Amino acid sequence: MVHRDECGTGIPYGSLFATVLLCTGVGFFTGASLVGISETQDMFENTSIEDDMHKFLEALRYVIYGIAAVFAVYSLLLLFIGFVATGQAKKQVYSTNEITFNGKCCMNSATIFTYFMLLVWLFILCVLVIPTMFMKMTTGYCYSDGIIDENDAVDPNACINLTWYGLGNGGISSAICDDDLLNYCQQAEKSFVLFVVSFGSAGLATLGMINFLMCLAANGGHLRDGMKRQDYERKRNMEEQELFHLTMNKSTERLATTPYF
């Protein structure tokens, strides 16, 4: 029967909190990025790079699906490791020297792999800066310079050339004007909001990975302390046994030399 004071000792609160952070970040990142990709595809309709942008964004969509699936499974795996390394489960799984050594190898491997996963999210954060700044600059140009007024009327003399941003082939077809310019600017404004949400969600997922690293480092430290304690107890038992055998031998020798009457 488990004492009521021990009911919460088997719950890895740190890993559970990290799982919530990571899953929430991955969920919002996936949703915001997929909707942002759709808005970006609509943004580049009727432009010279529509086909190339469509192919690129479709490939990027599958990459996001893969990221979401991998990190959803990995967060559950790390949560399982947290349960194994906490409370009564820790005593049962890490009770012998062989299992303790295997547990240490598993913990070290998980820590190293989580560190590389953290680098992946840092890379994603850096990549997300590019579309976010691009949409911000486009929106600023459209609405700050008076190209589009409050009634969504477009200046007939205004155009945006994709070559300004390193896109397009440099010909006349790279220019966006009139109704296409209105659609371009409106979609850029929507995409900017979505990519900001995606960037913040990636930051939340990064915090989740950092929390997982902290939990794994703490569990690894406890495991190393347990191995040192087991090694100390094993040496102490050996010394006690040697002392016991030595005492028994001396007692036997003393009895053998004692004369009987």
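User: Before we count aromatic pairs, what makes two rings a pair?
Analyst: Rings of Phe, Tyr and Trp (its six-membered ring) pair if their centres lie within 6.5 Å. Note that this is a predicted model.

User: How many aromatic pairs by that rule?
Analyst: The count comes to 7 aromatic pairs. One of them is Phe-71 with Trp-121, 5.1 Å centre to centre.

User: Where do Phe-71 and Trp-121 sit?
Analyst: Phe-71 is in helix 2 and Trp-121 in helix 4, 50 residues apart. The pair links distant parts of the chain. Phe-71 and Trp-121 are buried.

User: What about Tyr-74 and Phe-113, what geometry is that?
Analyst: Edge-to-face, with 5.3 Å between centres and 70 degrees between the planes. This pair also links helix 2, through Tyr-74, to helix 4, through Phe-113. They are 39 residues apart.

User: Which residues form an aromatic cluster?
Analyst: Phe-29, Phe-71 and Trp-121 form one.

User: Switching to the core. How many residues has the largest nonpolar one?
Analyst: It has 47 residues. Those with the most contacts inside it include Phe-29, Phe-71, Trp-121 and Tyr-184. Helix 1 (13-43), helix 2 (50-84), helix 4 and helix 5 each give two or more residues. The largest share, 12 residues, comes from helix 5.

User: What does Tyr-184 touch, leaving aside its neighbours in sequence?
Analyst: Beyond four places in sequence, its contacts include Met-43, Phe-44, Phe-134, Thr-138 and Tyr-165.

User: Tell me about Thr-138.
Analyst: Thr-138 lies in helix 4 (residues 97-144). Its relative accessibility is 0%, so Thr-138 counts as buried. A polar atom of its side chain lies 2.9 Å from the backbone oxygen of Phe-134.

User: Last topic: how many disulfides?
Analyst: The structure holds 0 disulfides.

User: Are Cys-126 and Cys-215 buried or exposed?
Analyst: Cys-126 is exposed, at 54% relative accessible area. Cys-215 is buried, at 15%.

How values were computed:
Residues are numbered from 1 along each chain as its sequence is written. This is a predicted model: local features need pLDDT of at least 70, side-chain atom pairs count only at pLDDT 80 or more; totals for chains, interfaces and linings use all residues. Side-chain values use heavy atoms; hydrogens and water are left out. A disulfide is a pair of cysteine sulfur atoms within 2.5 Å. Buried means under 20% relative accessible area, exposed over 50%, partly exposed in between (1.4 Å probe, protein chains only). Helices (H or I, at least four residues) and strands (E, at least two) are DSSP runs, numbered from the N terminus. A polar contact is a pair of N or O atoms within 3.5 Å; within protein, one must be able to donate a hydrogen and the other to accept it, and residues adjacent in sequence count only if both atoms are side-chain atoms. A nonpolar core is a set of buried Ala, Val, Leu, Ile, Met, Phe, Trp, Tyr and Cys residues joined through side-chain atoms within 4.5 Å. Contact means heavy atoms within 4.5 Å. Rings of Phe, Tyr and Trp (its six-membered ring) pair if their centres lie within 6.5 Å; planes under 30 degrees apart count as stacked, over 60 as edge-to-face and the rest as tilted.
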